[in-house]
Amino acid sequence: MSTLRDVISAHTDLTSNSAAHLQRLVAEWQLLADLSFADFLLWGAVKDHPGRYVCLAQVRPTTGPTAYEEDQVGRILEGEDARHLDVAYTEGRIFREGDPVWRGDVAARHEAIPVRRRDRSQVIAVAARDTNLSDTRSPSHLELNYLKTADYLVQMLTDGGFPPPLLPGEPTTAPRIGDGLVRIGADGLVRYASPNALSAYRRMGVTGHLRDRDLAELTRSLPSSADVGADAARRIADALAGGTPRRKEIEAKGATVLMRALPLRPGGKAAGALVLVRDITEVRRLDRELVTKDATIREIHHRVKNNLQTVAALLRLQARRVGSPQARLSLEESVRRVASIALVHETLSQSSDESVGFDQIVDRVASMAVEVSVAESKVTLRREGTFGVLPSEYATPLVMVVNELIQNAVEHAYPPGQEGEVVIGVERDGDRFRVTVSDHGKGLPEGFRIADSTRLGLQIVHTLVTGELRGTIDMRPRAAGGTEAVVDFALA
């Protein structure tokens with residue numbers, strides 16, 4: 001059982017609302033582990049077995065050594081091993097007493113924190129903070145501030161104030177503590193700023209240190225758009241007031257910083273706010289380059305489409321002036337081939353990547369084939385199955401193949417005036433395709449082989465399938481009468 005919901009369903013009797021709260025906690029608790037330099041394990045009470053607990057989830061710190069080399073999810077504790085969990089779960093208080101626990105050569109300090117929802121006083125689970133004690137050096141100023149902030153959040157965890165409520169449309173990405181951390185007191189003044197946080201603000205034009213400065217006013221005064229600075233300042237003030245504002249990107253002095261503000265209210269009392277910042281200047285620069293590149297590629301496809309349509313118009317004009325019926329027919333076939341390629345480039349010019357929804361292209365090609373067929377033709381076309389999305393390097397040759405096979409069936413399968421149907425079928429299994437164009441017409445000549453055909457259209461089909469698509473094609477009689485052309489290929 002790999003997911004949190006699976007483990008909860010199999011071992012506990014937690015409600016769906018409680019399970020959703022624990023999922024939000026697991027989505028946020030890397031912050032707790034990194035600030036605490038400790039593993040966090042989430043334990044749930046096993047249904048129908050008082051005093052027995054199952055590990056629902058685990059997160060390791062990125063800032064310190066783990067207390068567990070092996071995965072703990074699914075592990076069951078009971079008896080003396082689960083005493084700290086039982087105290088937190090039944091008494092509803094944080095358990096910090098007890099001697100270090102040894103696992104092999106690793107000694108760990110165990111703490112057990114009752115987890116409550118915002119709307120309930122009942123304990124729904126226990127979060128264990130297990131710290132590897134192998135590193136006994138004196139903590140630095142940064143580590144002391146991290147630990148103090150962690151203690152605030154741990155208290156909020158048991159009060160129901162952490163994790164913050166889920167905001168609709170809120171992105172899952174957020175700054176980590178290693179990106180930059182600022183702790184603000186209840187008065188709005190900076191108590192501590194990590195070196196990375198200081199660097200981020202300096203890139204936005206702040207001079208000097210951040211300590212003892214009003215972060216909201218400092219952010220408001222950044223040399224950025226007035227609305228951006230004021231909005232970011234309002235979010236910091238909102239967090240100080242106990243709110244959970246959305247993340248905000250701040251642009252100033254050519255730098256872009258992602259900011260997230262969280263309230264610190266242990267025991268329901270205002271203790272300030274935690275502001276996480278991440279310098280994403282390079283990320284946004286690359287994003288802008290990609291947007292520019294995508295726009296350029298779409299414009300190229302648009303111009304190629306226009307040029308192909310111009311070529312098709314010139315060929316159409318030339319066909320009207322040619323006296324030879326055979327020459328006119330050849331030019332009209334060229335018009336259809338050029339137009340089918342233009343459809344691919346038209347679709348790519350409207351796409352954000354180099355892939356196209358191929359179904360709409362096939363449907364338009366089929367519609368064109370019916371429109372340009374002889375007036376007395378009563379052939380209808382139908383598509384079965386779906387192509388889905390194809391890369392452009394496959395879409396261009398495939399549309400020409402399908403166009404030629406459709407045109408061949410419309411023109412040669414049924415005598416003029418006879419009703420008939422041509423079916424374009426597609427079977428897709430992952431990256432492998434089987435495309436069939438079939439009819440109920442008069443069938444193939446005796447001994448027909450597509451590789452030996454002298455028709456230009458079929459020669460084009462054979463070359464494109466075996467060359468560009470690196471596949472196979474077979475034209476054969478149908479058991480129920482008529483002809484079917486079967487193309488097999490796979491995306492590389």
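Threonine 483 is buried, with a relative accessible area of 8%, and in this predicted model the residue belongs to strand E18. Setting aside neighbours within four places in sequence, threonine 483 is in contact with Val437, Ser438, Asp439, Gly443, Leu444, Met475, Arg476 and Arg478.

- E18 is part of an open sheet of five strands, ordered E13-E15-E16-E18-E17 with mixed pairing.
- At the edges sit strand E13 (378-384) and strand E17 (472-477), each of them pairing on one side only.
- On average, and ignoring direction, neighbouring strands here are turned by 15° against each other.
- E17 and strand E18 (residues 483-490) run antiparallel and are joined by six bridges.
- Across that pairing, arginine 476 stands opposite glutamate 484 of E18.

**Helices on the sheet**

- Helix H12 (residues 392-412) lies across E13, strand E15 (419-429), strand E16 (432-439), E17 and E18.
- Relative to E18, H12 runs at about 175°.
- Helix H13 (residues 456-468) also packs on the sheet, where H13 touches E17 and E18.
- The direction of H13 makes about 140° with that of E17.

**How H12 meets H13**

- As a reminder, a packed helix pair is described by the angle between the two axes and the distance between them.
- For H12 and H13 the angle is about 150°, and the axes are 9 Å apart.
- Angles over 145 degrees count as roughly antiparallel, so that's the label H12 and H13 get.
- Their crossing is left-handed.
- On the H12 side, the contact is made by Pro397, Met400, Val401, Glu404, Leu405 and Asn408.
- H13 brings Gly457, Leu458, Ile460, Val461, Leu464, Val465 and Glu468 to that contact.

**Nonpolar cores**

- The largest nonpolar core has 51 residues, and Phe358 and Phe489 have the most contacts inside it.
- H12 supplies the largest share of this core, with 11 residues.
- Phenylalanine 358 touches Phe387, Gly388, Leu390, Ala395, Leu398 and Val399, leaving out residues up to four places away in sequence.
- There's also a second, separate core of 40 residues, including Leu31, Val54, Leu56 and Ile124.

Methods
Residues numbered from 1 in each chain as written. Predicted model: local features only at pLDDT ≥ 70, side-chain atom pairs only at ≥ 80, totals over all residues. Heavy atoms only, no water. Pairing = 2+ DSSP bridges. Helix = DSSP H or I, 4+ residues; strand = E, 2+ residues; numbered from the N terminus. Axes fitted to C-alpha atoms, helices over the stretch in contact; angles between N-to-C directions. Contact = heavy atoms within 4.5 Å. Core = buried A, V, L, I, M, F, W, Y, C linked by side-chain atoms within 4.5 Å. Buried < 20%, exposed > 50% of the residue type's maximum accessible area, 1.4 Å probe, protein only. Parallel < 35°, antiparallel > 145°, perpendicular 65-115°, else oblique. Left-handed = near helix turned anticlockwise from the far one by under 90°.
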